[in-house]
Amino acid sequence: MCKHFNTTGLCFPEEHYMVNIDGRLEEIRQMVDRGEYFAINRARQYGKTTTLSRLAGQLSSEYIVFSISFEGMEDAVYETASSFCQRFCRLLYRFLRYNEHMTDGISDLLKEELRRMQSDDSADLEDLSDFISELCGQSDKQVVIMIDEVDQAGNQKIFLSFLGMLRRKFLTRKTEPTFHSVILAGVYDIKNLKLKVRPMEEHQYNSPWNIAAEFQVDMSFSREDIAGMLRDYEQDHHTRMDIMKISEFIYDYTSGYPFLVSRLCQILDEQILGKEGFPDLTAVWTADGVAKAVKKLLAESNTLFDDMVKKLNDFPELRQAVYAILFKGEKISFSAYNHVFNLGVMFGFIKEENDNIAISNRIFEMQLYNLFIS
């Protein structure tokens with residue numbers, strides 16, 4: 001199978017040209033080994049799901065690992081404790097059935113109990129709590145759970161109650177068996193979630209997830225990361241590119257945003273060859289080729305740019321801040337307590353730079369200019 005650049009879905013080293021993330025995985029593994037509960041909150045298409053997949057594979061030699069996702073969960077699931085517990089158990093049971101190598105060490109009795117609970121109309125969070133204790137107390141290895149795409153559950157009351165249950169079990173873990181480590185992944189920061197289920201006057205910026213450890217692993221790509229990926233590509237295609245120079249060009253446009261890096265490389269590999277001035281791959285993988293790929297990227301409609309437009313429409317204050325930076329040249333001091341700035345950082349559009357807020361990268365800057373002008 002010929003390797004290629006991938007910007008949709010999971011990436012696999014044997015199929016795709018990828019940045020080596022082993023160092024990042026080791027940092028996250030150390031958090032798991034310490035028994036920490038934490039959330040991986042990064043912008044869209046930042047490599048969260050691929051990271052979880054790779055991490056699950058590495059952990060499975062020493063832990064029982066459940067890796068599930070709340071993606072596509074319909075609102076009805078969150079209407080009652082019973083419906084939520086049933087779906088949660090169904091997700092666990094489904095993962096167990098198809099990933100036996102990651103869940104080896106769970107008794108047949110526990111498997112049968114999990115199968116029963118996925119159709120138990122009377123199950124509530126206390127029943128789920130008791131099962132988690134049985135699972136973690138009777139299994140041969142410590143149990144780690146990863147939950148991807150938790151965003152849509154974030155303002156659901158039953159999900160917050162579920163987090164509260166995990167928090168209680170975390171605090172009593174010395175006497176009541178529970179998950180060794182819990183990892184949540186999504187865009188929004190669950191630990192500082194605005195609880196929309198409360199009346200307006202009672203809105204808060206905390207959640208039961210305040211037990212979580214800070215996740216400080218840098219998941220953006222450095223120039224050296226990009227160069228490593230290009231070396232892998234060069235071994236297969238012999239373009240004679242100047243790897244360090246091309247990686248520098250790509251980084252200058254993207255600041256290491258994973259999707260943008262991979263998409264530029266994908267366009268260079270698949271769309272530039274044969275165009276005027278680019279008769280072969282040697283001509284493609286140049287400064288001119290990168291500039292051409294940037295133009296093509298800015299002209300296309302993709303899920304990341306679509307999401308950017310949606311977020312700016314959904315959050316007018318964020319839109320105003322971005323406009324002030326781009327067109328008024330304003331220097332706006334960054335504050336970690338400013339909700340608007342936190343949103344921009346969370347979505348990946350802005351960053352802190354020299355104590356001020358700035359647009360995250362040149363690609364976003366150009367795209368935002370085009371958006372406002374149009």
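Which residue in β4 is the bridge partner of Ala 39? I looked this up in the structure, which is a predicted model. The partner of Ala 39 is Leu 184.

**Entry 1: the strands beside β4**

I then looked up the pairing of the strands concerned. Strand β1, residues 38–41, is joined to β4 by 4 bridges, and the two run parallel. Strand β3, residues 143–148, also pairs with β4 in the parallel sense, over 4 bridges. I noted that Ile 147 stands opposite Leu 184 in β4.

**Entry 2: burial of β4**

Is β4 enclosed or open, and why? I found that 6 of the 6 residues of β4, residues 181–186, are buried, so the strand is largely enclosed by the rest of the structure. I also checked the directions of its residues. Ser 181, Ile 183 and Ala 185 point one way from the strand, while Val 182, Leu 184 and Gly 186 point the other way. Residues of both groups are buried.

**Entry 3: aromatic pairs**

How many aromatic pairs does the structure hold? I recorded 27. One that I examined joins Phe 327 and Tyr 369: the ring centres are 5.2 Å apart and the planes stand at 80 degrees, so the pair is edge-to-face. For this reading I used the cut-off of over 60 degrees. The pair links distant parts of the chain, with Phe 327 in helix α13 (residues 316–327) and Tyr 369 in helix α15 (residues 362–373), 42 residues apart. Phe 327 is partly exposed, at a relative accessible area of 34%. Tyr 369 is likewise partly exposed, at 29%.

I next examined Phe 347 and Phe 349. Their pair is tilted, with 5.9 Å from centre to centre and 45 degrees between the planes. Both residues are buried. I also found Phe 347 and Phe 349 in a cluster linked by ring pairs, together with Tyr 46, Tyr 188, Tyr 257, Phe 315 and Phe 364.

**Entry 4: arginines over rings**

Which residue lies over the face of Phe 170? I identified Arg 173, at 4.0 Å from the ring centre. I also recorded Arg 362 over the face of Tyr 253, at 4.3 Å from the ring centre.

Methods: Residues are numbered from 1 along each chain as its sequence is written. This is a predicted model: local features need pLDDT of at least 70, side-chain atom pairs count only at pLDDT 80 or more; totals for chains, interfaces and linings use all residues. Side-chain values use heavy atoms; hydrogens and water are left out. Buried means under 20% relative accessible area, exposed over 50%, partly exposed in between (1.4 Å probe, protein chains only). Two strands pair if DSSP finds at least two bridges between them. Rings of Phe, Tyr and Trp (its six-membered ring) pair if their centres lie within 6.5 Å; planes under 30 degrees apart count as stacked, over 60 as edge-to-face and the rest as tilted. A charge sits over a ring if NZ of Lys or CZ of Arg is within 6 Å of the ring centre and within 35 degrees of the ring normal.
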